[in-house]
Amino acid sequence: MFQILVVDDDRSIRFFVKEALELNHYTVYTAKDGKEALDIFDNNHIDLVIVDIMMPNMDGYEFTKAIRLIDSELPILMVSAKQLAEDRKKGFIAGIDDYMVKPIDLEELLLHVKALLRRYKIASERQIEIGDVVLNYDAYTVSKNDEVIELPQKEFLLLYKLLSYPDKIFTRIQLMDEIWGVDCDTGWETLTVHINRLRKKFEGWPEFEIESIRGLGYKAVRKI
C-alpha cells in the first residue's frame, strides 16, 4: 500500500484530503508545516508528498528543496491557492513534479496522485506491466507469459514512452526529439515506419494498442 504525506497548515484541508486518500486505500500521514513533515519523513517510508506553499516555520518551497537533498526521485505534488505562473515556476525550480490550484477538486487530486505514483513505479522498477505483458527497459524486451520479443532500441524506447503515459497524445515532433534527438535530421517517415512495425509485431495483443491522432501524432491505449 502506498504511503502519502500531506503537508498543509489548514486543518480542514488535511482532514478532507486524508479522508479521500484513505477511502482509496492509501496510508496517509499529515503535518501542519514543513518542519513537522520532515520529522515524519525521517521516520517513515513515504511514496508521495502533497504539499502547500504558504505555511509557518518552513514553507512548501523550502520543504521541497529539503526533500530533494534526501530523495531526488520522490513524487511531490504542490497544491496552493497561488495561481500565477511565477509561483508554479518557483515550485518546479524547487523540485516539485506537479502543481494544482486550490480549491481542491478531490477527484482531480486522486487522478494526479495515481499518475505520479504510476510514473514513479515505472521509473524505479524500470519496467511496465499491463496484465500479463511486461516491458523490461534494461533488456529492451516485451514479454507475455512464455513469449519474449526483443525489440531494436528505437522501437522499444518509442513503445515504452507511449505506454508510460497511456492516453497522452504525443506530437510527432515530441517523439522525434525524445527518441532520435533534437539534432537528428531523420524525417517523420522514420517515425511512421517504427510505429507500423510495432503495430505489426503486437497485432492481436488485446492489452494495448497505438492509435494515430489525425494531424497531431500518436497515443497508446491500455485496454486492461
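Visitor: Which strands does helix 6 lie across, and at what angle does helix 6 run to strand 12?

Guide: First, the terms. Helices (H or I, at least four residues) and strands (E, at least two) are DSSP runs, numbered from the N terminus. Contact means heavy atoms within 4.5 Å. Axes are lines fitted to C-alpha atoms, for helices over the stretch in contact, and angles run from 0 to 180 degrees between N-to-C directions. Here, helix 6 (residues 153–164) lies across strand 10, strand 11 and strand 12. Its angle to strand 12 is about 65°. The model is predicted: local features need pLDDT of at least 70, side-chain atom pairs count only at pLDDT 80 or more, and totals for chains, interfaces and linings use all residues. Residues are numbered from 1 along each chain as its sequence is written, and side-chain values use heavy atoms, without hydrogens and water.

Visitor: In what order do the 3 strands of the open sheet stand?

Guide: Strands of a sheet pair through backbone hydrogen bonds, either parallel or antiparallel. Two strands pair if DSSP finds at least two bridges between them. In this sheet the order is 10-12-11, with antiparallel pairing. Strand 10 (170–171) and strand 11 (208–213) each have a single partner strand, so one side of each has no neighbour in the sheet.

Visitor: How many bridges join strand 11 to strand 12?

Guide: There are 6, and strand 12 covers residues 217–222. Ile 213 has Gly 217 of strand 12 as its bridge partner.

Visitor: How many helices and strands are in the chain?

Guide: The chain has 8 helices and 12 strands. Its C-alpha trace spans about 55 × 40 × 30 Å along the principal axes.
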